[in-house]
Amino acid sequence: MLNRFANPIRFLRLADQIQPWAAILTLVLFAAGLYFALFNSPPDYQQGETVRIMYIHVPSAWMALFCYTLLAITSGVAMIWKHPLANLAGRATAPIGATFTFLALITGSIWGKPMWGTWWVWDARLTSMFILFFLYLGYIALQDAFDNAEGGSKAAAILALVGFINVPIIKFSVDWWNTLHQPASVIKFSGPAIHSTMLTPLLLTALAFKGYYVWLFLINMRGEIAEARCRALQVSQIQNAQVAKVATSDARDAHAD
Amino acid sequence: MKRKNKRLTFVMIALIFVGSAVALVLTAFEENIVFFFSPTDLESKKTPTKQRFRLGGLVAKASVKKQGGGITQFQVIDATNSVLVRYKGILPDLFREGQGVVVEGRLNGSVFQADEVLAKHDENYMPPEVAEALKKSGQWQGINTTGSKAQ
């Protein structure tokens, strides 16, 4: 299965087919999600209208973890199996994950000010999420920090794999330690502690964000594949030029003799 | 062993080591990661009472008293203990009796002198009508004054 898509041409052909569907699905789900979130869902009994921030905040935070998990998987596949597209997939995923982490931090802050009474506290959940943001930035920066592309990819992949430890820490931080951030509402043993009228817009925007990921990922992959091809072409051009140079100087030497 | 299997084992072992290292560090620093102490922690002298620290619990029912000059006084409780808190300033929207709260400040004798009050939100989300209906039918799962979850 994985080997089938080692060929970029085959991958791009599949991408062409999926991309319009991902785009349509994203737009439809997001429109429906926003409609429910803003017009067709009740205010919360404690938070009032501020609860609507949750419909962007929580899906963004889920995306942050989802993208990082994918980043760790692609890094593992790139390091262990040396799949030619795995590294490009990581490169294509990292900026999306970083953006959604940023969104989660910002929307959380906007919610925190009126509800908690503070923009930011250094509790376990908020801090581990902040670290996740820097792991993404580190991954992106390391990719191109080396003279040879392969060294950069390897360093970034190691960072992504080691940083994966942070993902369960983020998820369980609210259970392991006292935090200001509330514990999980949707994924818990006793069933969601969130009313169905509020769960609907939440799940719709969450699905829309997943669709958006696929859409953006495919666009990014095109860019990454094109860039990798350019790099390969450049390298081969330089090599050809060197070979030609050696050949001409050899010929000149021969002529001089 | 094939080379890729070698790499797989290497990555796995490395991850296990890094994972255990992180787990050890987190357990060692547990005291510092905890965002607040409960009134019971305070009672059992687990808290450094000379320094600033955060105290978390529920605002006891019928304990909030507004005094002149923007000073509010209330009891912060958990399942077994309570602490009297005095605070001067504006309270956050979610601050109310029976709700979670985290206050930061110093212990002054037996009174906790807070200079910051943060409201803690729980994980329950529901429309006001549903909350009303649950309370009326006696199925309210929210937090009661004793701090333990009502059954």
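Here are some notes on the predicted model of chains A and B.

1. Confidence first, since this is a prediction. Chain A comes out with a mean pLDDT of 90, and 97% of its residues reach 70 or more. Within chain A, the lowest confidence is in helix α7 (residues 196-256), with a mean of 89. The highest is in helix α2 (residues 54-80) of chain A, at 95. Keep α2(A) in mind, as it comes back in point 4.

2. Now the layout of chain B. There are four helices and six strands in this chain. If you walk along the sequence, the order is α-α-α-β-β-β-β-β-β-α. Of the 151 residues in chain B, 26% are buried. As for how the chain comes back on itself, take the contacts in chain B between residues at least 6 apart in sequence: 47% of them join residues at least 24 apart.

3. On to the contact between the two chains, which draws 34 residues from chain A and 31 residues from chain B. Three elements of chain B each supply at least two residues to the side that touches chain A: α1 (3-28), β6 (111-120) and α4 (128-136). The most comes from α1(B), which gives eight residues. Sorted by class, that side of chain B holds 21 nonpolar, six charged and four polar residues.

4. One helix pair across the two chains is worth a look on screen. Helices α2(A) and α1(B) pack with their axes 9 Å apart, at an angle of about 140°. Angles over 145 degrees would count as roughly antiparallel and 65 to 115 as roughly perpendicular, so α2(A) and α1(B) are oblique to each other. From α2(A), the residues making this contact are A:G76, A:M79 and A:I80. From α1(B), they are B:K4, B:R7, B:L8 and B:V11. By class, the residues in this helix contact are four nonpolar, two charged and one polar.

5. Next, strand β1 (residues 53-59) of chain B. This strand is mostly covered, with six of its seven residues buried. It has antiparallel pairings with two other strands of chain B.

6. Last, two backbone angles to check. Most residues other than glycine have a negative phi. A:K82 has a positive one, near 55°, and sits in the loop between α2 and α3 (86-115) of chain A. Is A:K82 buried, exposed or partly exposed? The count is 13 other C-beta atoms within 10 Å, so A:K82 is partly exposed; 12 or fewer would have made a residue exposed.

7. The other angle is in chain B. Phi of B:A62 is also positive, near 60°, and again the residue is not a glycine.

Note on methods: Residues numbered from 1 in each chain as written. Chains lettered and ligands numbered in written order. Predicted model: local features only at pLDDT ≥ 70, side-chain atom pairs only at ≥ 80, totals over all residues. Contact = placed C-beta atoms within 7 Å. Nonpolar A, V, L, I, M, F, W, Y, C, P; charged D, E, K, R; others polar. pLDDT = per-residue confidence, 0-100. Buried ≥ 20, exposed ≤ 12 C-beta atoms within 10 Å, placed from the backbone. Pairing = 2+ DSSP bridges. Axes fitted to C-alpha atoms, helices over the stretch in contact; angles between N-to-C directions. Parallel < 35°, antiparallel > 145°, perpendicular 65-115°, else oblique.
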